[in-house]
Amino acid sequence: MSTPPPAPKSQPAAPDAAARLRAAAPRLGLCAASATLLWLAFPPVGAWPLAFVALVPWLWALRGCELRAAFGYSTFFGTVLSALLFSFLLMVSNYHAAVGPALPVLFLVLGAHIGLVGMLSVWFGRELPPAAAFVLSVAAWVAVEWFRSVGRLSLPMGMLAHPLIEWPAFAQVAGIGGVPLAGGIVFAVNLALMTLAASAVKKRGLFDALVLGGATAAVLFGAVLWGGSARGRAYARLDERSATVRVALVQTGVAQKEKFDSYSSPDEAARTELQNRHLLSLFKQIDSLERGQVDLVALPESVVAAPEFSLSAGLQREFIQRARDLDASIMLGALDLRLLDAEGNETTVPDDAMDGDGGFRSRFYNAIWLVTPGESEPRRNSDYQKAQLVPFGETIPYLDMIPGAVEGLVGIGTFDRADAPRLIALPLRRAVDAEGPAAVVLGPSVCFEDMVSWIARHEARGGAQLLVNATNDAWYDPFPGDRIHSLAARWRTVETRLPMIRATNTGLTESIDIAGTVLERLPPRDPAIARVSVRVPLEPARTLYARFGDWFAWLCVLAVLGGAGFLGRRPLE
């Protein structure tokens, strides 16, 4: 009698979704803890030292992960962090209905950037010696974070190093390699701490961890020592050769709902009434100044909401007269509308710009105008046109390169962009001293352009002596978008060794020195004027970063590509 074949062994059942979630919960918790700690380093809490340890729980969660899992956990960390940091963008949905549904997509995309960093770090750590893996992991963070801060999709805020502007001795390292170098050092400290902790737990690899930790500590210590010295030298140079520009920073305090209605309300009479009310309030603020008190009156972005400012001779004459009365220049944010004829040339004849459908052919810039005491007649063109537009706010990136595509998709047009930033000469009507300058060169920016490194760098190379920014952050009130914006903007002063003034609608209106320190700041929301004396370098020091730009970030990109190319010959798991 034959023996029956043995019964097949039963296969273990695949874990269900709930079981997988329970298994992943500890790592997800660590990722959420990292996101929370890093969020606390930013405003409104502002516990900036946490930036040096905030990433440790996330990095710990990646230990023993496969590449796909590392990407998933890291994307979760980045998505939670983005949702916490950029929650203030929810306020914009009060004015644009598409913002609410789009935000989760934005948070996920930003999270995927960090997902890539996590996957690369695990890959390098598994395949390379400790020192090489450490260096390439740092390079991966720098490269990916920098990548999301450049180009037409640029979102250069909420970067790892930004809270460290509050530690001036450390922040000065940005004069060498910009925010990417500072961020690389902060990430290295986090990675070194995690490596030391992991080695202590495993009781192996401790020597390598100590070497890497010691090298990282040396870099951090060296950066702080150099930064303190560089800051002192910068102040000494400013003491030797500088001019003082007296500025009135005007904060108008107009609530965003009112400002938005003043140009978007379907009721023309209501629009006109709001615009007139805001202009009367603005003129009352300007008229509170006395003749000879200041050299420059700085007003916020879109302080004149009427889109036809460039075509309104009467309104321009109001500002010209006040510039004469004060014997001071007035810098204001207002739109620049330029009419085009059928051949695309600028025209001053409205009938020539009619497009046949009841509209006008035109270019539309978010702009800055400088009205000087010497002007006598209105003009058509502004002094500065915005060169970096807010993605999905002022344009739809890349789609706007196709004529009519944006209008056909969403039914509205977008702003035009200037080819490059332009400098503005501010005449000084009084002599600072016997050898005082006749003018100071301004490096303007509008809105979030003061967070974009290449704008300030381009202006510094061109000879700018004072960075000026006109902003309206009332979109986010009462959330801390204005404080996160300011945090990012202050790095431009360190990178270029130029002071900056920021005139905003509801805050933060402030004066910042050449080392990133806030010298004067108005309380948010209230209409107010800050009278500040800004020390401007007559011969600005050209920093390494101003000369060579994002050399460190590019070096990190090349290192990551080289490392990935070397390992790419091995199959991924």
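Q: A crossing of two helices is right-handed if the near helix is turned clockwise from the far one by less than a right angle, and left-handed if it is turned anticlockwise. In which kind of crossing does α1 pass α3?
A: α1 passes α3 in a right-handed crossing. You are looking at a predicted model, in which local features need pLDDT of at least 70 and side-chain atom pairs count only at pLDDT 80 or more, while totals for chains, interfaces and linings use all residues. Residues are numbered from 1 along each chain as its sequence is written, and side-chain values use heavy atoms, leaving out hydrogens and water.

Q: How do you know where helix α1 and helix α3 meet?
A: Look for contacts (heavy atoms within 4.5 Å). On the α1 side they include Ala24, Leu28 and Trp39, and on the α3 side Tyr73, Phe76 and Leu85. By class, this contact has 14 nonpolar, 2 polar and 1 charged residues. Helix α1 spans residues 17–41 and helix α3 residues 67–85, with their axes 9 Å apart at an angle of about 35°.

Q: Why are α5 and α7 called oblique to each other?
A: The axes of helix α5 (residues 130–147) and helix α7 (residues 174–202) cross at roughly 135° and come within 9 Å. Roughly parallel needs under 35 degrees, roughly antiparallel over 145 and roughly perpendicular 65 to 115, and the rest is oblique. The pair is therefore oblique.

Q: Which residues in α5 meet α7?
A: Phe134, Trp141 and Trp146 are among them, and their partners in α7 include Pro180, Phe187 and Leu191.

Q: What makes β6 and β11 stand at the edges of their sheet?
A: The open sheet has 6 strands in the order β6-β7-β8-β9-β10-β11, with mixed pairing. β6 (424–427) and β11 (518–521) each have a single partner strand, so one side of each is left without a neighbour in the sheet. Pairing takes at least two bridges found by DSSP.

Q: How many bridges pair β8 and β9?
A: Strand β8 (residues 466–471) and strand β9 (residues 500–504) have 5 bridges, in the parallel sense. Asn469 stands opposite Arg502 in β9. Helix α14 (residues 481–489) lies across β8, β9, β10 and β11, at about 160° to β9.

Q: How do you know whether Ser445 is buried or exposed?
A: Buried means under 20% relative accessible area, and exposed over 50%. Ser445 has 5%, so Ser445 is buried. Ser445 belongs to strand β7 (residues 439–446). Beyond its neighbours within four places in sequence, Ser445 is in contact with Ile368, Tyr384, Asp450, Val468, Asn469 and Ala470.

Terms used. Axes are lines fitted to C-alpha atoms, for helices over the stretch in contact, and angles run from 0 to 180 degrees between N-to-C directions. Helices (H or I, at least four residues) and strands (E, at least two) are DSSP runs, numbered from the N terminus. Ala, Val, Leu, Ile, Met, Phe, Trp, Tyr, Cys and Pro count as nonpolar, Asp, Glu, Lys and Arg as charged, and the others, Gly among them, as polar. Buried means under 20% relative accessible area, exposed over 50%, partly exposed in between (1.4 Å probe, protein chains only).
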